[in-house]
Amino acid sequence: MLPVTLDRTTTEPLPAQLAAQVRSLVLSGTLTAGDRLPSSRALAADLGVSRAVTEQAYDQLTAEGWTEARPGSGTYVTMTRTTTAVAPRVTTRPTGVAPARSARSLPRSASPRSSRLDTGTPFFDPRLEPGWRRAWREVSATAPPRGYDDPRGLPELREALAARLGRTRGLELHPDEIVVTAGTTDGLRALLPELRPGPVAVEDPGYRAAAETVLTYGREVVDLPAVETVRDLGDAVAAYVTPAHQHPLGRVMPAADRLALLEAARRADAVVIEDDYDSEFRYDVAPVPAMATLDRERVVYLGTAAKSVVPTLRLGWLVAPAELHELILRRRTITHAGAAWPSQRALLTLLRDGWLDKAVRSARRVYAERAPRVAEAMSPYATLAGPLAGMYSTWLLPETDAVRARDAAAAAGFEINLLSTYARSSGLTGLVIGFGGVSDVELDQALTAVTGALVERVV
Ligand SMILES: Cc1ncc(COP(=O)(O)O)c(C=O)c1O
């Protein structure tokens, strides 16, 4: 029998409570590598809950790497905790709304983006356009602050963000710990000048904008293997990672690897920069808790509205350990750096109205339908690099095939990125196929073009 107690009086779903308590048991050393958890049936009977509750909790823990399911044998703990950390707590679970139906749409600005199957164009539900307009009407009816405002950003927005990060990412924050930024890369730009001299390790393959920003700030980029356990950071002063959904390979960083990376960062006296760009778009299990929940003194957390709202809003948020937070604020005050007030004000309304939650739910629903369609089309020809999640999937292929498929898509009017453009020393090749920014019909047309070019490969 596991020493867990479920509380039926709170709004926190039972599977989330159970998963959180098992994580705590691992982190406290009560459960260690190789321990077998009770069967989901036995545990459900012990706790007086339905088997769906225990199964959902086990699926979540396995997706996060705390446990592994051995077919025909059971569910086993994968690791032993060696240093202290706080157990992450997350209370959301994937929920769905009715699929998008067409409505009167906002006129789109003339832009070639509509045919981009990239990783940066999210789905925008036309049913949410009235709420979007309402937010901007409210901005126009509100007087802006006189003079330069709080360098941390709009206080009411930080309050709303703190509540949301607690609820969706397990991050318990005071609003004053949040700095509103103009997006992930702006957060990185705010951080880099405050780190001691030295190189920054960036995942390879990894987020191109992060590597480029590090170079722009005159620092060397060290290649961090994207899907291996990192135990040594050498002389790097920071490690830039995407633990919830490795960009672009898709892997969820397993719990043991998170702890190993934190340990390596402690030894190197480096910080871990957690780019949490699209963690809400899991459709199999609840979002994996933020890595920052494991060590707030070591992790700089970067969030963005680019995926959940639109990239052109240019808004994000940064949570840094206390000393770095102070340094960042000092410089932002002197340099008048900060996110534009109208955007912050609009995001506040979108959060308060529940618009953002609806937008995430409907986009998640669309991605959950499209990801398997892409997988069905691509899997005869290429190997999926990670689990299906988010608004893109990455397919491993020899470069010549990937280029041929990319060119065929381009000839049909669709832009698809080569995996090799995200890779530095790793040399990985293939295609990164985004499915957020196109219609269902366009997606099918693009996939037909791609697979048409790949058919030659198997015959
Ligand atoms: C890995 C990753 N991080 C962050 C972002 C968002 O960056 P920003 O908030 O600067 O638009 C993206 C957007 O495509 C991304 O792919």
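Predicted model: local features only at pLDDT ≥ 70, side-chain atom pairs only at ≥ 80, totals over all residues.
The buried residues of helix H5 pack against strand E4 (178-181), strand E10 (316-319) and helix H10 (341-352).

Helix H5 (residues 155-169) is built from 15 residues and reaches 20 Å from its first C-alpha to its last, which is close to the 21 Å expected at 1.5 Å a residue. Its buried residues are Leu157, Arg158, Ala160, Leu161, Ala162, Leu165, Thr168 and Arg169. Just after H5 comes Gly170, whose phi is positive at about 70°.

Which residues of H12 are buried? They are Ala402, Ala405, Arg406 and Ala409. Because these residues cover an arc of only 100° around the axis, they lie on the same side of H12. The background to this pattern is that an α-helix has 3.6 residues a turn, so residues three or four places apart point the same way. On the face of H12 turned away from its buried side, the exposed residues Thr400 and Ala411 are found. Just after H12, Gly413 adopts a positive phi of about 95°.

### Domains and ligand

According to the domain assignment of the protein, there is a domain 1 (14-77), a domain 2 (112-125 + 361-458) and a domain 3 (129-355). The C-alpha centres of domain 1 and domain 3 are 30 Å apart, and the contact takes seven residues from domain 1 and eight residues from domain 3. On the side of domain 1 that touches domain 3, the largest share, four residues, is supplied by helix H3 (residues 51-64). Sorted by class, that side of domain 1 has three nonpolar, two polar and two charged residues.

Around the ligand there are 14 residues, and of these Gly120, Gly183, Thr184, Tyr277 and Thr304 come nearest. What classes of residue make up the shell around the ligand? The shell divides into four nonpolar, nine polar and one charged.

| Position | Backbone angle |
|---|---|
| Asp204 to Pro205, cis peptide bond | omega near 0° |
| His247 to Pro248, cis peptide bond | omega about 10° |
| Asp269, positive phi | phi near 50° |
| Arg314, positive phi | phi near 50° |

Where do these residues sit along the chain? Pro205 lies in the loop between strand E5 (200-204) and helix H7 (208-216), while Pro248 lies in the loop between strand E7 (238-241) and helix H8 (255-268). Asp269 has its place in the loop between H8 and strand E8 (271-275), and Arg314 is found in the loop between strand E9 (299-304) and E10.

How exposed are Asp269 and Arg314? Asp269 is exposed, because 11 other C-beta atoms lie within 10 Å and a residue with 12 or fewer is counted as exposed. Arg314 has 17 C-beta neighbours inside 10 Å and therefore counts as partly exposed.

Terms used: Residues numbered from 1 in each chain as written. Domains from an automatic or database assignment. Contact = placed C-beta atoms within 7 Å. Helix = DSSP H or I, 4+ residues; strand = E, 2+ residues; numbered from the N terminus. Nonpolar A, V, L, I, M, F, W, Y, C, P; charged D, E, K, R; others polar. Buried ≥ 20, exposed ≤ 12 C-beta atoms within 10 Å, placed from the backbone. Arc of directions from axis to C-beta. Near = placed C-beta within 6 Å. Expected span 1.5 Å × (residues − 1).
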